Each structure stands twice: as C-alpha cells, then as structure tokens.
Amino acid sequence: MYVAAATTFTIDPDHSSVLFRVDHLGYAKVVGLFLGFGGQFSFDEANPAASQVELVIEATSVFTRQHDRDQHLRSPDFFNAQEFGQIRFVGTRIAMTGARTGKLTGNLTLLGVTKPLTFEVTMNRVAPHPDPRKQVIVAGFSARGAVKRSEFGMTYGAPGIGDVVEIWLEIEGEAPLPGD
C-alpha cells in the first residue's frame, strides 16, 4: 500500500485530460476537450468509500480544433463562459464494483444548474513516481460518464446536436511521499 488514509492528491494538468463527445446530426461525434482545469482528490486504498474528488474546469478553455466552433461553444448558446466561467464536479459517494473499479457519484454544476452525475471509474495505478528525484506518489484513474445537456438548460441545436454528452476523464494526481 502506497498511501495513508485520505492522502490528498493535486491534479496534474500536464498528465490529465478532460474530454467530451457529442453527436453531430447523426453523422459523427465531435470530440472536444478543456485545456484549463484543476482540483484535487483524496484516496484511501483501505477505505475507498472515504475518498473525495473536486474538479474545476474553465469553460473558456473548451477546444475542438475549430476556432469558430470554439467561440460559439463559449457563447450563451452553449457554455456561456462569460457568465458561468467554471464547471465544477464534486464527488459525493464512491462505491467499489471490483478490486480497482467503482462508481463515483457527485454533483456537476454547469450553467448555474447542479445535477447528479455518476462516473464508471478505474483506478489505474498508485505508486511512487519512478523518478527517484521526484519525492511524490502518483495516482491515476480513468472515468467515463454522460449527461443530458438539456437538463442544464443547454438546448441550442437540438436535436441535430445530441442531447447526451459523454464525458471522459483521464486524471493523474500527485501527493508528497509520506514523511516528507
């Protein structure tokens, strides 16, 4: 075991990703990501249910490789990033479904509306950083979930632009080694 009870990890944005995927007119799914995000999570290998998660995403950082579309996504038609600059997920419950898998339930706040969201989570690895000069423990997990954007008041383009938005998280966090 590498972590003590309730070790708090800071999300490493250089080795993490927050992505989404949504249907476009039934032809293909557009994939986008957020370039600006941060947060922390605590993880207790002996008691995973006591773990906590907070992820804060900068709405202005949405990126889909198309400048005009990105500007439109920042507008009041979608993320309304001027008025609602942050998207926030705060975990409320973790239920283990296997040795390294679980369901993470929490509250997603988007456009000033808060709704529950459940992610299917896989804990990929928890171990000291392989570079001995870095005196940290690294924890990484993958999470998949989905929301209906209409439940947050984001209805522009429906039904051509899909209502269900898939969310993918690939998260690494770092915490000091015990005793540091």
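**View 1. S51 sits in the loop between β4 and β5.** Strands such as these are DSSP runs of E with at least two residues, while helices are runs of H or I with at least four, all numbered from the N terminus. This is a predicted model, in which local features need pLDDT of at least 70 and side-chain atom pairs count only at pLDDT 80 or more, while totals for chains, interfaces and linings use all residues. Residues are numbered from 1 along each chain as its sequence is written, and side-chain values use heavy atoms, with hydrogens and water left out. Is S51 buried or exposed? S51 is buried, with a relative accessible area of 12% (buried means under 20%, exposed over 50% and partly exposed in between, with a 1.4 Å probe and protein chains only). Leaving aside neighbours within four places in sequence, S51 is in contact with S42, F43, D44 and I94 (contact means heavy atoms within 4.5 Å).

**View 2. The second largest pocket has a volume of about 260 Å³.** A pocket is an open set of points on a 1 Å grid over the protein atoms alone, with protein on both sides within 12 Å along at least five of seven lines, and its lining residues have an atom within 4 Å of a point. Points are joined across faces, edges and corners, and the volume is the space filled by probe spheres set on them. Of the 18 lining residues, F43, I94, M96, V121 and M123 lie nearest the centre of this pocket. β8 gives the most to the lining, with four residues. The lining has 11 nonpolar, four polar and three charged residues (Ala, Val, Leu, Ile, Met, Phe, Trp, Tyr, Cys and Pro count as nonpolar, Asp, Glu, Lys and Arg as charged, and the others, Gly among them, as polar).

**View 3. The largest pocket has a volume of about 530 Å³.** Among its 29 lining residues, F20, V22, F79, M154 and V165 are the closest to its centre. Which strand gives the most to this lining? That is β2, with six residues. By class, the lining holds 24 nonpolar, two polar and three charged residues.

**View 4. The largest cavity holds about 50 Å³ of space.** In a cavity, a 1.4 Å probe fits but cannot get out. One cavity of 30 Å³ or more is found in the whole structure. Its lining is made up of I11, F41, V53, L55, F89, L104, F141, L169 and I171, and β5 and β11 each supply at least two residues. The lining has nine nonpolar residues, no polar and no charged ones.
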